[in-house]
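User: Please take a close look at one part of this protein, the helix that contributes to its pockets and to its helix packing. I would like one connected account.

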Amino acid sequence: APWVLPLAHAVAAIHRAPAELAGPTPRNRAHWLGEVERRRKKIGRVLPELAERVDAVARAIGQAALHLPAHQPTLIHGDFHPDQVWFDGERIVLFDFDEFTLGDPMEDLAEFVLKLEPLGAAPALAATLVERYAAAAPQFFDRRSLAWHLTVQSLLQASRAFIYQQPGWAGELERRLVASAARAAA
């Protein structure tokens with residue numbers, strides 16, 4: 001897709017922007033581990049038969065967090081997904097910057113990549129975006145951190161099936177939890 005390279009450069013430009021543009025509440029691993037715990041409890045309450053599986057995913061996320069390399073917090077979009085991007089030929093327009101904060105740039109990349117899946121994007125497209133971003137911003141790219149954020153975002157997506165009461169939400173939540181477990185196992 002012709003927009004992949006310009007998008008990778010646009011996201012990298014955000015991550016290189018001055019930290020002074022960030023909002024008051026930075027995001028760190030403790031923030032995300034708290035979100036994982038909230039979602040673990042929510043899923044366990046609404047579908048108790050999935051409690052053991054979601055507990056295992058949450059434990060794996062917590063264990064993996066202990067082994068992640070340190071990173072310098074940088075400016076991140078904080079709510080980066082395909083609905084926040086407008087493609088006009090080779091020109092990329094990003095918007096909705098109300099969640100600008102300091103954090104791990106892999107969070108932005110993971111959220112965008114994960115939210116391509118429901119749009120029917122081929123996995124190769126997501127892989128190309130990741131590789132283009134890695135080339136555009138090698139100082140921010142970390143494959144282990146990206147995998148961790150993908151797992152976190154995947155678990156959050158599982159709970160959103162219930163939160164937004166999607167038709168067939170229980171089956172969708174379970175399907176997404178299976179994907180989260182696969183990511184956690186990797």
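What follows is a description centred on helix α6, with the rest of the chain as background.

Analyst: The model is predicted. Its chain has seven helices and four strands, and along the sequence they follow the pattern α-α-α-β-β-β-β-α-α-α-α. The radius of gyration is 16 Å, close to the 16 Å that the globule rule gives for 186 residues, so the chain is as compact as a globular protein of that length. Along its principal axes the C-alpha trace spans about 45 × 35 × 30 Å.

Helix α6 covers residues 143-163, and α2 covers residues 29-46. Two packed helices are described by the angle between their axes and the distance between the axes. For α2 and α6 the angle is about 35° and the axes are 10 Å apart. The crossing in which α2 passes α6 is left-handed. On the α2 side the contact is made by Arg29, Trp32, Leu33, Val36, Arg39, Lys42, Ile43 and Val46. On the α6 side it is made by Trp148, His149, Val152, Gln153, Leu155, Leu156, Ala158, Ser159, Arg160, Phe162 and Ile163. Sorted by class, these residues of α2 and α6 are twelve nonpolar, three polar and four charged.

Several residues of this contact return when the empty space is examined. Rolling a probe the size of a water molecule over the atoms shows where empty space is left. The largest pocket holds about 470 Å³ of space. Its lining consists of 24 residues, and those nearest its centre are Asp79, Glu111, Lys115, Gln157 and Arg160. Arg160 also belongs to the α6 side of the contact with α2. Helices α2, α4 (105-116) and α6 each supply at least two residues of this lining, and the largest share, four residues, comes from α6. By class the lining has seven nonpolar, seven polar and ten charged residues.

The second largest pocket holds about 270 Å³. Of the 13 residues that line this pocket, Ala147, Trp148, Thr151, Arg183 and Ala186 lie nearest its centre. Trp148 is also one of the α6 residues that touch α2. Here α3, α6 and α7 each give at least two lining residues, and α6 again has the largest share, with five residues. The lining of this second pocket divides into nine nonpolar, two polar and two charged residues.

The other two helices of that lining, α3 (residues 51-65) and α7 (residues 169-185), pack against each other at an angle of about 35°, with their axes 9 Å apart. From α3 the contact uses Arg53, Val54, Val57 and Ala60, and from α7 it uses Glu174, Leu177, Val178, Ser180, Ala181 and Ala184. These residues comprise seven nonpolar, one polar and two charged.

The structure holds one cavity of 30 Å³ or more, and the largest cavity has a volume of about 40 Å³. This cavity is lined by Arg27, Asn28, Arg29, Trp32, His71, Gly103, Asp104, Glu107 and His149. Among them, Arg29 and Trp32 of α2 and His149 of α6 are also part of the contact between these two helices.

In short, α6 packs against α2 and gives the largest share of the lining in the largest pocket and in the second largest pocket.

Note on methods: Residues numbered from 1 in each chain as written. Predicted model: local features only at pLDDT ≥ 70, side-chain atom pairs only at ≥ 80, totals over all residues. Heavy atoms only, no water. Axes fitted to C-alpha atoms, helices over the stretch in contact; angles between N-to-C directions. Contact = heavy atoms within 4.5 Å. Nonpolar A, V, L, I, M, F, W, Y, C, P; charged D, E, K, R; others polar. 1 Å grid on protein atoms, 1.4 Å probe; cavity = no way out; pocket = protein on both sides within 12 Å on 5 of 7 lines; lining within 4 Å. Points joined across faces, edges and corners; volume = space filled by probe spheres on them. Rg over C-alpha atoms; globule rule 2.2 N^0.38 Å. Left-handed = near helix turned anticlockwise from the far one by under 90°.
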